[in-house]
Amino acid sequence: MTAAPGARADHPAGSALAPPGTSLVHDSAHLHVSGQASYVDDLPEPAGTLHAALGLSELAHARLVRLDLDAVRRAPGVVAVLAGSDLVHGKFGPVLADEDILVRDTVSFHGQPLFAVAASTRAAARAAVRLARVELEPLAAVIGLEAAREQGLHVLPPVQLARGDIDDVLATAPHRLAGTLRQGGQEHFYLEGQITLAEPRDDNCWHLWCSTQHPTEMQHLVAHALGVAVHRVGVECRRMGGAFGGKESQSAQWAIIAALLARASGRPVKLRLDRDEDMRATGKRHDFHSRWEAGFDDSGLILGLRVELASRCGHSADLSGPVNDRALCHVDNAYFLDTVQIRSLRLRTHTVSNTAFRGFGGPQGMLVIETVIEDIARMLGLDPLDVRRRNFYAAEAGHGRDLTPYGMQVEDCIIGDLCARLEAQSDYRRRRAAIDVFNAGNAMIRRGIALTPLKFGISFNATLYNQAGALVHVYTDGSVLVSHGGTEMGQGLYTKIRQIAAHEFGIAPDRVRLSATDTTRVPNTSATAASSGTDLNGKAVQAACRSILARLAGVMARSHGGDAGDVRFHGGRVTLAGDPARSEDFADLVMRAYRQRVQLWDSGFYATPKIHFDPVTRTGRPFYYFAYGAACSEVAVDLATGATRLLQVDILHDAGCSLNPAIDIGQIEGGFVQGMGWLTSEELWWREDGRLMTHAPSTYKIPTATDVPARFNVALYDAPNREDSIHRSKAVGEPPLMLAFSVFFAIRAALASALPARQQVCLDAPASPEAVLRALGVLEAP
């Protein structure tokens with residue numbers, strides 16, 4: 001039940017209206033399972049639509065000597081051909097415009113687009129591409145992260161975050177330990193690949209249907225490439241078949257090329273990458289190689305920590321700056337670091353530009369501190385969970401041990417209680433003792449268990465993106481249409497927004513429909529990223545609804561005599577002061593308001609409060625709040641083959657007052673499995689010449705149903721968000737990925753049982769069979 005602004009809000013239990021907190025089914029579920037959900041490639045093609053194909057570089061670093069496209073232009077069905085030399089505005093980028101739309105002079109990675117073709121069919125376009133005569137002069141290529149670090153190649157300047165005198169603390173600490181950690185990248189492997197359909201409109205205007213997390217950025221970059229004002233370009237996206245960060249900035253190049261070909265041909269153009277092209281030409285999760293040194297006491301309390309995070313950014317900046325900034329801000333995870341120095345190296349290589357991926361650098365930073373904790377525990381002979389507890393942030397702010405390395409006070413730390421609950425629910429201590437007995441009696445199969453926490457900051461590090469707009473229409477039959485700036489990629493954003501709007505008006509969710517996200521309806525939107533889609537857009541929709549409600553309440557009060565503050569909207573009816581005699585159907589009230597010429601639509605806007613961040617000093621309050629969680633995983637490892645198997649996982653995750661428990665639990669399960677893939681089986685491998693060899697499902701191994709354990713227990717930590725988020729909920733898109741740390745460290749625990757006591761376990765991620773055997777000393781490092 002929702003009251004008009006200024007009136008009492010009431011939320012009766014057991015309401016059949018699916019209010020926030022109800023597990024309403026995903027709004028497109030019936031379309032997904034029946035194959036009727038429309039993605040960009042399913043949309044009816046406008047008359048005369050052409051199909052695009054790309055010519056990609058076969059070298060990682062080279063000078064473009066000659067590009068002869070005459071035979072391409074003469075090929076059957078070809079209507080338009082573009083090369084880098086044809087473009088007036090040939091550079092693009094989400095932060096820095098430092099990447100060629102099509103190569104003009106120098107190739108920077110294997111698979112970089114050299115030219116584009118639009119033809120009557122996709123087959124004709126692909127056949128024409130093969131007729132090009134390309135002459136490249138090879139140049140020395142730097143592929144690996146280590147080579148880039150040794151040569152001092154940076155795509156962006158190094159950044160350092162420090163507090164206290166790290167040299168003095170390390171020198172005087174009772175114990176000192178150093179180590180390294182290599183973390184591989186990760187392919188997004190969305191089901192729907194990169195795709196855009198661009199259509200010319202009247203008067204030099206353009207409309208694009210694009211699979212993207214950031215329609216506004218596509219609008220701006222396409223407008224710049226075309227040399228037109230932003231208002232002449234519209235970008236629309238109803239749904240994506242997955243994204244995971246891979247369609248935040250990476251969708252831009254293909255949208256731009258489709259639009260440029262549409263202008264060159266005067267006809268609509270569809271550009272769709274196939275899986276091999278997509279994996280070769282689009283960015284991935286940044287791989288990191290980190291070095292660390294820690295000083296600590298006999299209990300495992302960290303006194304000082306020095307970390308160097310080196311990431312492979314690729315050939316251009318893309319989003320590497322903010323990704324690495326978030327890694328800096330998450331090295332602490334759930335632990336107070338009194339004296340700390342973190343240095344971030346953003347390295348340039350002749351590989352595709354790495355980009356956003358679920359967690360946005362946070363996982364890479366957090367995995368380092370968890371490795372430090374594990375190694376300290378092993379050196380001291382302690383249970384890692386006890387060392388974790390020793391280092392947690394304080395439960396309440398203002399009592400010390402509550403300030404992050406970037407200067408934000410942690411005011412809502414529930415990690416101690418959450419981990420204590422999970423420890424009991426998972427029976428961690430008993431199982432750990434039983435595993436020790438099992439390992440003592442088994443020579444070839446070893447088991448391991450680990451319980452790991454997470455604390456993840458919610459908001460964009462760049463403060464300006466923490467804003468959203470919405471447009472809500474109430475029609476005269478009482479049905480509602482909602483437009484907002486968020487995009488649906490399967491995560492359930494539209495479903496939650498539908499629940500929020502229906503709850504505000506006190507009507508059933510099936511009376512609310514969401515339109516496709518469209519820059520011509522809601523302008524200047526932020527990317528659906530940083531786990532903030534519902535937080536931002538939900539509040540904007542709520543604001544628009546409440547503006548309309550206030551006017552409707554006024555109509556009701558004037559019609560029935562009373563105060564607008566006493567009007568309630570619930571169950572499809574509107575009631576004044578609880579009086580059944582002064583009650584009517586919502587649709588009837590709407591019609592009366594229309595006849596009285598009362599505005600029945602409104603816009604809403606929301607800007608996240610309290611946050612601020614200095615990009616120079618890397619200090620401030622970048623996050624509105626933190627989401628917490630913990631997972632306990634048990635694994636078995638075959639010491640002969642290096643194969644691993646997850647036997648059981650228990651998860652307790654903080655979603656605040658969950659808006660939709662079913663959707664949130666689905667996100668937790670999916671995020672965990674995706675994180676497990678990153679840390680166990682998904683390995684990207686480039687040849688020395690820069691060719692990506694893991695460029696298809698046949699060579700890149702994502703988790704399957706058989707990798708999910710039979711015992712997969714997920715529960716929500718039921719406590720409201722202390723901040724005024726939408727219905728006191730918390731974001732749940734990215735944080736669950738880091739719950740998979742428990743799998744990685746359970747594997748390490750199993751390996752530790754096969755090594756001499758207190759010998760450090762040198763396991764890289766992903767913990768593939770080869771990596772496991774290397775950690776056991778059976779295989780040499782490549």
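How many aromatic pairs does the count come to? By the rule used here, in which rings of Phe, Tyr and Trp (its six-membered ring) pair if their centres lie within 6.5 Å, the count comes to 12 aromatic pairs. One of them joins Phe 569 and Phe 586, at 6.4 Å centre to centre and with 75 degrees between the planes, which puts the pair in the edge-to-face class (planes over 60 degrees apart; under 30 is stacked and the rest tilted). Phe 569 sits in strand S24 (residues 567-570) and Phe 586 in helix H16 (residues 586-595), 17 residues apart. Helices (H or I, at least four residues) and strands (E, at least two) are DSSP runs, numbered from the N terminus.

The model is a predicted one, with local features needing pLDDT of at least 70 and side-chain atom pairs counting only at pLDDT 80 or more, while totals for chains, interfaces and linings use all residues. Residues are numbered from 1 along each chain as its sequence is written, and side-chain values use heavy atoms, with hydrogens and water left out.

Now for the domains, whose bounds come from an automatic or database assignment. The protein chain is split into domain 1 (10-30 + 467-607), domain 2 (49-140 + 194-240 + 247-281) and domain 3 (288-461 + 615-775). The centres of domain 1 and domain 3, taken over C-alpha atoms, are 38 Å apart. Their contact (heavy atoms within 4.5 Å) draws 29 residues from domain 1 and 25 residues from domain 3. About 1,800 Å² is buried between domain 1 and domain 3, with carbon and sulfur atoms giving 58%; buried area is the accessible area (1.4 Å probe) that two parts lose on being put together, summed over both.

Between domain 1 and domain 3 there are 2 salt bridges, a salt bridge being a side-chain nitrogen of Lys or Arg within 4 Å of a carboxyl oxygen of Asp or Glu. Asp 664 and Lys 496 meet in a salt bridge at 2.6 Å, N to O. On the domain 1 side that touches domain 3, helix H14 (493-505) and helix H15 (533-560) are the elements that give two or more residues.

Across the structure, salt bridges number 54. In one of these, Glu 58 pairs with Arg 280, their closest N and O atoms lying 3.4 Å apart. Glu 58 is in the loop between strand S2 (50-56) and strand S3 (62-68) and Arg 280 is in helix H8 (residues 275-281), so the pair ties together parts 222 residues apart in sequence.

Ala 765 and Pro 766 are joined by a cis peptide bond, with omega about 10 degrees, and Pro 766 lies in the loop between helix H18 (741-752) and helix H19 (769-775). Asp 203, a residue other than glycine, has a positive phi near 60 degrees.
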